[in-house]
Amino acid sequence: MCPANLTNNGTVGGAGTLDVTGTLTNDGVYFAQSGTYEMNVGTLITGSGTLVVDDGGDLVVNAGSVSGTEQVSFNNDTLAAVLTIGTLGTFGGVLDNFNTLDSIVLTGTAVGSDAYTAGSDAADGVLTLYAGPSQSGGVLGTLAVSADITAGGIAALEVVNDGTIGDVACFAAGTRIAAERGEVAVEALRPGDLVRVLGDEGWAPVVWVGRRHVVCRHHPRPRTVWPVRVAAGAFGAGRPARDVWLSPDHALFMQGVLIPVRYLIDGAMIAQVACEEVTYYHVELPRHAVLLAEGLAAESYLEAGDRGNFVNGGGVVALYPDFAALRWEAQGCAPLVVTGPEVEAARRSVVKPCAGDSAAAG
């Protein structure tokens with residue numbers, strides 16, 4: 001049974017769920033780390049405590065309102081951290097300690113633009129969110145920002161519009177990329193890291209790693225963002241070495257061409273899997289190339305002026321991103337095909353699972 005009211009003076013969290021029907025008085029710490037910690041509070045979160053988003057955490061705050069006496073601190077330094085706010089208009093928590101891995105998801109709120117007013121010794125800063133582009137369409141709400149964050153520091157904060165991502169070509173978090181320093185999870189790659197690429201170059205430096213957290217359960221067309229799982233050994237031993245999770249339009253390099261993985265789905269070794277949320281990453285190199293993800297040949301990011309589709313793209317995240325305008329003919333490292341003999345040959349090369357194979361379960 002959920003308590004009507006609760007007081008916390010300690011440290012609670014990690015991954016899990018907290019349900020309180022009335023008021024939560026938090027004079028301690030609640031934190032999300034290496035997973036989702038969901039706080040469902042019917043009336044109010046108040047007190048002098050802190051809500052912490054740590055490495056790999058998604059702190060989901062669903063509350064009637066959150067008092068301005070609560071601080072929200074991003075305490076991550078190696079993995080992405082996400083704060084998900086259920087109701088923007090009643091969220092008064094003061095945000096602090098942003099870095100370039102951080103993002104905020106506003107459930108059910110489509111933000112067109114924002115403006116930041118820096119804080120001072122006497123007052124917190126204010127991030128104002130607007131419905132339309134260029135600060136038009138009316139104010140949706142505001143977020144309080146700790147006064148010790150400078151105007152330059154706030155540039156690390158990007159606000160994600162929950163469920164508004166379009167077709168995207170990315171690796172899911174956790175996918176290991178072949179790099180000079182070993183097999184590195186995509187979210188741990190940094191600009192300057194050398195990654196293995198096919199072709200004469202051999203190695204190429206990472207220029208940028210794009211990031212986008214998608215809450216699929218709120219997406220108007222969730223199938224367009226549900227990840228596709230390529231089972232270990234789908235194309236033979238070590239291809240891939242482990243299950244690889246890709247967005248539906250991420251292209252694999254096969255038969256001398258690039259084929260979006262959704263055109264290779266067989267429902268067994270290659271299957272789309274429904275999920276509530278997923279974090280996608282894409283790796284940009286000096287030019288479009290083929291890298292190795294768990295031993296599977298897959299494309300890098302093709303820059304086409306669409307960084308606004310990613311939370312760390314340098315500006316307000318695009319409300320309705322368009323990934324269809326990629327300049328394949330001019331800049332693609334190989335032809336992009338979705339039908340024809342190459343696709344049919346790629347489909348035939350998929351290993352057929354044995355009866356009872358767990359890969360067939362989806």
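Is Glu-294 buried or exposed, and what is its relative accessible area? Glu-294 is buried, with a relative accessible area of 2%. Here buried means under 20% relative accessible area, exposed means over 50%, and partly exposed lies in between (1.4 Å probe, protein chains only). The model is predicted: local features need pLDDT of at least 70, side-chain atom pairs count only at pLDDT 80 or more, and totals for chains, interfaces and linings use all residues. Residues are numbered from 1 along each chain as its sequence is written, and side-chain values use heavy atoms, with hydrogens and water left out.

The chain has two helices and 29 strands. These are DSSP runs numbered from the N terminus (helices: H or I, at least four residues; strands: E, at least two). The chain has 362 residues, of which 51% count as buried. Its accessible surface comes to about 14,700 Å². Carbon and sulfur atoms hold 52% of that surface. The areas come from the Shrake-Rupley method with a 1.4 Å probe; for residues, only the protein chains shown count as cover. Contacts (heavy atoms within 4.5 Å) were also examined. Among those in the chain between residues at least 6 apart in sequence, 51% join residues at least 24 apart.

Nonpolar cores were then traced. Such a core is a set of buried Ala, Val, Leu, Ile, Met, Phe, Trp, Tyr and Cys residues joined through side-chain atoms within 4.5 Å. The largest has 39 residues. Those with the most contacts inside this core are Leu-189, Val-230, Phe-235, Leu-252, Leu-264 and Leu-285. Leaving out residues up to four places away in sequence, Leu-189 touches Ile-177, Ala-179, Arg-181, Val-184, Val-195, Val-209 and Val-283. Another core, of 31 residues, lies apart from the largest one. Its members include Leu-18, Tyr-30, Leu-59 and Leu-88.

Helix H2 spans residues 341-348, and in this helix Val-343, Ala-345 and Ala-346 are buried. They cover an arc of only 160° around the axis, so they sit on the same side of H2. The arc is that of the directions from the helix axis to the C-beta atoms. Pro-341 and Arg-348 are exposed on the other side of H2. The cover over the buried residues of H2 includes strand E24 (251-254) and strand E25 (257-260).

Aromatic pairs were searched for across the whole structure, and two were found. In one of them, the rings of Trp-208 and Tyr-301 have their centres 5.3 Å apart. Their planes meet at 55°, so the pair is tilted. Rings of Phe, Tyr and Trp (its six-membered ring) pair if their centres lie within 6.5 Å; planes under 30 degrees apart count as stacked, over 60 as edge-to-face and the rest as tilted. Trp-208 lies in strand E21 (residues 208-215), and Tyr-301 in the loop between strand E29 (296-299) and helix H1 (328-331). The pair therefore ties together parts that are 93 residues apart in sequence. Trp-208 is buried at 10% relative accessibility. Tyr-301 is buried at 4%.

The disulfide count is zero. A disulfide is a pair of cysteine sulfur atoms within 2.5 Å. Cys-275 is partly exposed at 25% relative accessible area, and Cys-333 is partly exposed at 35%.

Most residues other than glycine have a negative phi, and most peptide bonds are trans. Glu-294 has a positive phi of about 55° although it is not a glycine. This residue is in the loop between E28 and E29. Gln-255 also has a positive phi of about 55° and is not a glycine. Gln-255 occupies the loop between E24 and E25 and is partly exposed at 45% relative accessibility. The peptide bond from Arg-239 to Pro-240 is cis, with omega near -5°. Pro-240 is in the loop between strand E22 (228-230) and strand E23 (244-246).

Two further loop residues were examined. Arg-287 is in the loop between strand E27 (277-284) and strand E28 (290-293). Its relative accessible area is 55%, so Arg-287 is exposed. Beyond neighbours within four places in sequence, Arg-287 is in contact with Glu-201 and Ser-300. The C-alpha atoms of Arg-287 and Val-207 are separated by 9.4 Å, at 80 residues apart along the chain. Asp-249 is in the loop between E23 and E24 and is buried at 18% relative accessible area. Asp-249 and Val-261 are 12 residues apart in sequence and 6.1 Å apart in space, C-alpha to C-alpha.
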